[in-house]
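Please read it with the sequence and the 3D view side by side.

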Amino acid sequence: MNSKLIEILLKAIELEEEEHVHDTLWVTDLCQCLRRSYYSLKYPLKPEQKLKRSLIIGKSIHLYLESLLLKHKDKLGIDIEIEKPVRYVIDGMVIRGYADIVLGNILYEIKTTSKIPVKPYFEHILQAGFYAYVLHLREFCIVYINDNGYKEFCMETNDGIINIIKDRVRVLKEALESGKPPPREKSVLCNYCPYKTICFEQKTLT
Ligand code: SF4
């Protein structure tokens, strides 16, 4: 049976969801596996499925690191913005997101992971590259952090990324309109996908 605090937390998660604008696409929807985004838009996770350590821990790490940088920015002598809103329109569809950290002319996205990859995941390059493109920053970096350390991958902003994003908007829109899930984009990230069962068994959720 749920404790009083759990009930309140589940309600708070629900309220947080309601605050999200729902007439737009989020950058993460376009950068992660589009099939996963399709399922998450058709079958949103319930608050009970969101009260999980694995989902909360990434947010907590972001909050801690960002507040640390903001608190000491004067002594560190840095020009920094955190959670910078990003908005872009493609074919009448508003795309929104929040860039983790803008430090001078460089965009940083922080990713927590159980295993640091040898090279950055494509979806993370897309996300960070898109933010950097929209914010007119010359470079973007993806910083992976796990229990054993950290690694940073930096790239120059590439104008070609916008064409990939446009194409993905089209694929996701068509899938939502037709009710047919987009093709699988299999990767190691499938292991963490909450829609893994429905995706591979091709069942519909009730
Ligand atoms: S299991 Fe993999 S391919 Fe299927 S929806 Fe999830 S991320 Fe995409």
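1. Basis of the note. The structure is a predicted model, in which local features need pLDDT of at least 70 and side-chain atom pairs count only at pLDDT 80 or more, whereas totals for chains, interfaces and linings use all residues. Residues are numbered from 1 along each chain as its sequence is written.

2. Overall architecture. The protein chain holds nine helices and six strands; helices (H or I, at least four residues) and strands (E, at least two) are DSSP runs, numbered from the N terminus. The radius of gyration is 18 Å, close to the 17 Å that the globule rule gives for 206 residues, so the chain is as compact as a globular protein of that length. That radius is taken over C-alpha atoms, and the globule rule is 2.2 Å times the number of residues to the power 0.38. The C-alpha trace spans about 55 × 45 × 35 Å along its principal axes.

3. Of the 206 residues in the protein chain, 21% are buried. A residue is buried if 20 or more other C-beta atoms lie within 10 Å of its own, exposed if 12 or fewer, and partly exposed in between, with C-beta atoms placed from the backbone. Among contacts with a separation of 6 or more, 66% join residues 24 or more positions apart; two residues are in contact if their C-beta atoms, placed from the backbone, lie within 7 Å.

4. Helix α7. This helix has 13 residues, and its first and last C-alpha atoms are 18 Å apart, close to the 18 Å expected at 1.5 Å a residue. The expected span of a helix is 1.5 Å times one less than its number of residues. Because 10 of its 13 residues are buried, α7 is largely enclosed by the rest of the structure. Those buried are His124, Ile125, Gln127, Ala128, Gly129, Phe130, Tyr131, Ala132, Tyr133 and Val134. Their cover includes α2, β2, β3 (93–103), β4 (106–112), β5 (139–146) and α8.

5. Helix α8. The 18 residues of α8 (residues 161–178) should span 26 Å at 1.5 Å a residue, and the end C-alpha atoms are 26 Å apart, which agrees. Its buried residues are Ile161, Ile165, Arg168 and Leu172. They cover an arc of only 60° around the axis, which puts them on the same side of α8; the arc is that of the directions from the helix axis to the C-beta atoms. An α-helix has 3.6 residues a turn, so residues three or four places apart point the same way. On the other side of α8, the exposed residues are Asn163, Lys166, Asp167, Glu174, Glu177 and Ser178. The buried residues of α8 are covered by elements including α2 (27–31), α3 (34–42), β2 (80–90) and α7 (122–134). Just after α8, Gly179 has a positive phi of about 75°.

6. Helix α3. Leu34, Arg35, Arg36, Ser37, Tyr38 and Tyr39 are the buried residues of α3. Their cover includes α2, α8 and α9.

7. The ligand shell. Which residues are around the ligand? They are Cys33, Arg35, Arg36, Arg184, Glu185, Lys186, Leu189, Cys190, Cys193, Tyr195, Lys196 and Cys199, each with its C-beta atom, placed from the backbone, within 6 Å of the ligand. The elements that give two or more residues to this shell are α3 and α9 (196–201). By class, the shell has six nonpolar, no polar and six charged residues. Here Ala, Val, Leu, Ile, Met, Phe, Trp, Tyr, Cys and Pro count as nonpolar, Asp, Glu, Lys and Arg as charged, and the others, Gly among them, as polar.

8. Positive phi in loops. Asp91 has phi near 50°, a positive value in a residue other than glycine, and is found in the loop between β2 and β3. With 8 C-beta neighbours inside 10 Å, Asp91 counts as exposed. His136, in the loop between α7 and β5, has a positive phi of about 55° although it is not a glycine. This histidine is exposed too, with 8 other C-beta atoms within 10 Å.

9. Two further exposed residues. Ile57 lies in helix α5 (residues 53–71) and counts as exposed, with 11 C-beta neighbours inside 10 Å. Ile57 and Thr112 are 55 residues apart in sequence, and their C-alpha atoms are 8.3 Å apart in space. Gly160, in the loop between β6 (149–156) and α8, counts as exposed with 8 C-beta neighbours inside 10 Å.
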